[in-house]
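Hi everyone, thanks for coming. Let's take a look at a structure together and walk through some local details.

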Amino acid sequence: MIDLITEVTTKRLVLGITGGVAAYKAAELTRLLVKSGIEVQVVMTEAARHFVGPATFQALSGKPVLTDLWDSGNGMAHIDVTRNADVVLIAPASADFIAKLAHGAADDLLSTLCLARSCPLLVAPAMNLEMWNNPATQRNILQLKRDGATLLGPASGSQACGETGMGRMVEPQALVEDIDAFWQPKRLQGKRVLITAGPTFEAIDAVRGITNLSSGKMGYAIARAAIEAGAAVTLISGPTCLTPPVAAKTLAVTSAQQMLEAVYKNVADADIFISVAAVADYYVLNPSEQKIKKDAHIFTLELAPNPDIVANVVSLPNPPFCVGFAAESENLYEFAEAKRKRKKLPLLAANLVQDAIGSDASELILFDDGGAHPLQRAPKIELARQLIEHIAKLQHKGKGDNPK
Ligand code: C5P
């Protein structure tokens, strides 16, 4: 049995906030970072404090905000703050602060600690589009990249000044995803991964249908983990309430037939197909276009079997590496391995429905030719990362083909 248990250590991030209207978004960013288990030390420039007060960030991060080079007792805040940090993120990074970074200026706490740091630097620019396009800013950006900083954005769109274009700060949720990705090993760099997720919905009439309790959480977590690992991800999703990862190409479908068609359209480009969707086993023959009126009689639905999407993909002439999922309510090991064999899958991940459906954490067992590999109970994003690691290992060992 292989050991797939990853060490969970708390990451420490210094969040530098500089003077721009996007400083208000740094409050949500702080909340999301803390929520995802990251320890956040906020450092604000004086200009930033004109936009949002430190008390907001203190409440959200649970730590006093540092603002002054001379704050700490020994006058060494610029050294102390980054020595324990895994990364420094400047968000929003104003044009002025980017200029300072590019020239190695050190005239306040934030610029000084950036100069004194030994950990990586991430920069999320936020400014008016003309300021962004200005050759001076572009020169500074180029210099930052040459110096090894990682640029996150900017994004394009409407700006606080009323203009539209490049220069908006990347949204907080997308920044959190970028930061997670930054820390993950790039095990699937250059690979294209196709994923199905969520339930399907098989219409009975204009308002009713047959569906199941799949939340889509596992499939979406796998999409995120694959992106973190460097893959280009296409996510084909049945109806869910979830927000897909920003970097995924997401296609929304409803029925199993639509899911199959979307898979067929995208599978030729895929190196890996991960079939997480809980596809309805049957669809309703002749669904009514109008809402069916109730009456006192017994009502019978005529159902026909849906196509098995993953089995269809496996039997293509040149299939991608296929991974199946199985949610069982009993005899998990026996039923899951039998399913893997029947569907001719090199890898199948299985869990108990009672444990997994709709929950944020579960246990997961991976079945492949080497046997069963149980993964400890963990949040779905952690399980997804371990699954991606396992897929990458199988591919590396040349076991990335589907059984004939
Ligand atoms: O047979 P069962 O539905 O339990 O198999 C589960 C696996 O098969 C999952 O990977 C699921 O996405 C896939 N599947 C499919 N098309 C179906 C039914 C299941 O791709 N019609």
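**A short tour of local details**

Let's begin with Asn-286, which is exposed, at a relative accessible area of 68%. Please keep in mind that this is a predicted model. You'll find Asn-286 in the loop that runs between strand 14 (282-284) and strand 15 (303-305). Its backbone has a positive phi of about 55°, although Asn-286 is not a glycine.

Now please move along to Asn-331. Here too phi is positive, about 45°, and the residue is not a glycine. Asn-331 sits in the loop between strand 16 (321-328) and helix 12. With a relative accessible area of 40%, Asn-331 is partly exposed.

Next, the aromatic rings. How many aromatic pairs does a search of the whole structure find? The answer is 1. The partners are Tyr-333 and Phe-367: their ring centres are 5.6 Å apart and their planes meet at 75°, so this is an edge-to-face pair, since an angle over 60 degrees counts as that. Tyr-333 belongs to helix 12 (residues 332-342) and Phe-367 to strand 18 (residues 361-368), so the pair ties together parts 34 residues apart in sequence. As for accessibility, Tyr-333 is partly exposed at 41%, while Phe-367 is buried at 2%.

Last stop, the prolines. The peptide bond from Ala-91 to Pro-92 is cis, with omega near 0°, and Pro-92 is in strand 3 (residues 87-93). The bond from Gly-153 to Pro-154 is also cis, with omega near 10°. Pro-154 is placed in the loop between strand 5 (150-151) and strand 6 (155-158).

Definitions and conventions: Residues numbered from 1 in each chain as written. Predicted model: local features only at pLDDT ≥ 70, side-chain atom pairs only at ≥ 80, totals over all residues. Heavy atoms only, no water. Phe/Tyr/Trp six-rings, centres within 6.5 Å; stacked < 30°, edge-to-face > 60°. Helix = DSSP H or I, 4+ residues; strand = E, 2+ residues; numbered from the N terminus. Buried < 20%, exposed > 50% of the residue type's maximum accessible area, 1.4 Å probe, protein only.
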